[in-house]
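Trainee: I should like to learn how to read a structure feature by feature. May we take one feature at a time, with the general idea before the case?

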Amino acid sequence: MPAEARANKALSSPLTERQEARRRRILHASAQLASRGGFDAVQMREVAESSQVALGTLYRYFPSKVHLLVATMQDQLEHMHGTLRKKPPAGETAAERVAETLMRAFRALQREPHLADAMVRALTFADRSVSPEVDQVSRQTTVIILDAMGLESPTPDQLSAVRVIEHTWHSALITWLSGRASIAQVKIDIETVCRLIDLTGPDAGA
């Protein structure tokens, strides 16, 4: 069985408390190394040593550095979500709340530019074998946006708008990391795309 299939099979089952603790150490080590030196600084052997797991064990959880860094991004987004829930956005409209939420998440990544670059590069490099991890990132981003909108049962049109907002946020990260967009430009793009929410709301056709 290929390494990717073994990892997906292993992680599709609920982790024991010990396995979950081991996985969290791995993700923490990955984030620490990436924060210091970006994508190239995340070496699987160093991650294994830092998280105190055997190299073979690390590969059972994450078959490659790309798998690991995409999972690290999902973990970072999950942490951001918890922080956002403690202090929800204050905008009057759903569009304003989503824009505020995404900019707060963006600024959190801005404080760790090497880590942000490593995670975004991993997403860009991800092939089909990394689909489960990429899907987790997408789902976490969707949940963050829907929470800000205050929606539990979005319509197909609203989900479509959320996907476009996700694509724009991801693209904004890439252009900012590459030095092709300022924070001010990112803010304008995010606020502009979030207006799609008003176009897909229940009163849009009124």
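Trainee: What covers the buried residues of H7?

Mentor: Buried means under 20% relative accessible area, exposed over 50%, and partly exposed in between (1.4 Å probe, protein chains only). Contact means heavy atoms within 4.5 Å. The cover of the buried residues of H7 includes helix H2 (17–37), helix H5 (65–86), H6, H8 and H9. Please keep in mind that this is a predicted model, in which local features need pLDDT of at least 70 and side-chain atom pairs count only at pLDDT 80 or more, while totals for chains, interfaces and linings use all residues. Residues are numbered from 1 along each chain as its sequence is written, and side-chain values use heavy atoms, with hydrogens and water left out.

Trainee: Which residues of H7 are buried?

Mentor: Helices are DSSP runs (H or I, at least four residues), numbered from the N terminus. In H7, the buried residues are Leu 115, Ala 116, Ala 118, Met 119, Val 120, Ala 122 and Leu 123. As a general idea, an α-helix has 3.6 residues a turn, so residues three or four places apart point the same way.

Trainee: How should I read the span of helix H7?

Mentor: The expected span is 1.5 Å times one less than the number of residues. Helix H7 (residues 113–125) has 13 residues, and its end C-alpha atoms are 18 Å apart, which agrees with the 18 Å that it should span.

Trainee: How far does H8 reach from its first C-alpha to its last?

Mentor: H8, with 19 residues, reaches 27 Å, close to the expected 27 Å. Its buried residues are Glu 133, Val 137, Gln 140, Thr 141, Thr 142, Ile 144, Ile 145, Leu 146, Ala 148 and Met 149. Just after H8 comes Gly 150, whose phi is positive, about 80°.

Trainee: At what angle do helix H6 and helix H8 pack?

Mentor: Axes are lines fitted to C-alpha atoms, for helices over the stretch in contact, and angles run from 0 to 180 degrees between N-to-C directions. For helix H6 (residues 94–110) and helix H8 (residues 131–149), the angle is about 140° and the axes are 8 Å apart. That makes H6 oblique to H8; angles under 35 degrees count as roughly parallel, over 145 as roughly antiparallel, 65 to 115 as roughly perpendicular and the rest as oblique.

Trainee: Which residues in H6 and H8 meet?

Mentor: From H6 come Ala 94, Arg 97, Val 98, Thr 101 and Leu 102, which meet Ile 144, Ile 145, Ala 148 and Met 149 of H8. By class, this contact of H6 with H8 has 7 nonpolar, 1 polar and 1 charged residues.

Trainee: At roughly what angle do the axes of H5 and H6 cross?

Mentor: The axes of H5 and H6 cross at roughly 130° and come within 11 Å. That makes H5 oblique to H6. Met 80, Thr 83 and Leu 84 of H5 make the contact with Thr 101, Arg 104, Ala 105, Ala 108 and Leu 109 of H6. Here the classes are 5 nonpolar, 2 polar and 1 charged residues.

Trainee: How do the axes of helix H9 and helix H10 cross?

Mentor: Helix H9 (residues 156–177) and helix H10 (residues 183–194) cross at roughly 170°, their axes coming within 10 Å. That makes H9 roughly antiparallel to H10. In H9, Val 164, Ile 165, Thr 168, Trp 169, Ala 172 and Trp 176 meet Ile 183, Val 186, Asp 189, Ile 190, Val 193 and Cys 194 in H10.

Trainee: Where is the place of Arg 180?

Mentor: Arg 180 is in the loop between H9 and H10. With a relative accessible area of 58%, Arg 180 is exposed. Not counting residues up to four places away in sequence, Arg 180 touches Ile 174, Thr 175 and Gln 185.

Trainee: In which loop is Gln 52 found?

Mentor: Gln 52 is in the loop between helix H3 (44–51) and helix H4 (55–61). Its phi is near 60°, a positive value in a residue other than glycine. Gln 52 counts as exposed because its relative accessibility is 67%. Although Gln 52 and Arg 25 are 27 residues apart along the chain, their C-alpha atoms are separated by 8.0 Å.

Trainee: Where does Gly 56 lie?

Mentor: Gly 56 lies in helix H4. Its relative accessible area is 41%, so Gly 56 is partly exposed.

Technical notes: Helices (H or I, at least four residues) and strands (E, at least two) are DSSP runs, numbered from the N terminus. Ala, Val, Leu, Ile, Met, Phe, Trp, Tyr, Cys and Pro count as nonpolar, Asp, Glu, Lys and Arg as charged, and the others, Gly among them, as polar.
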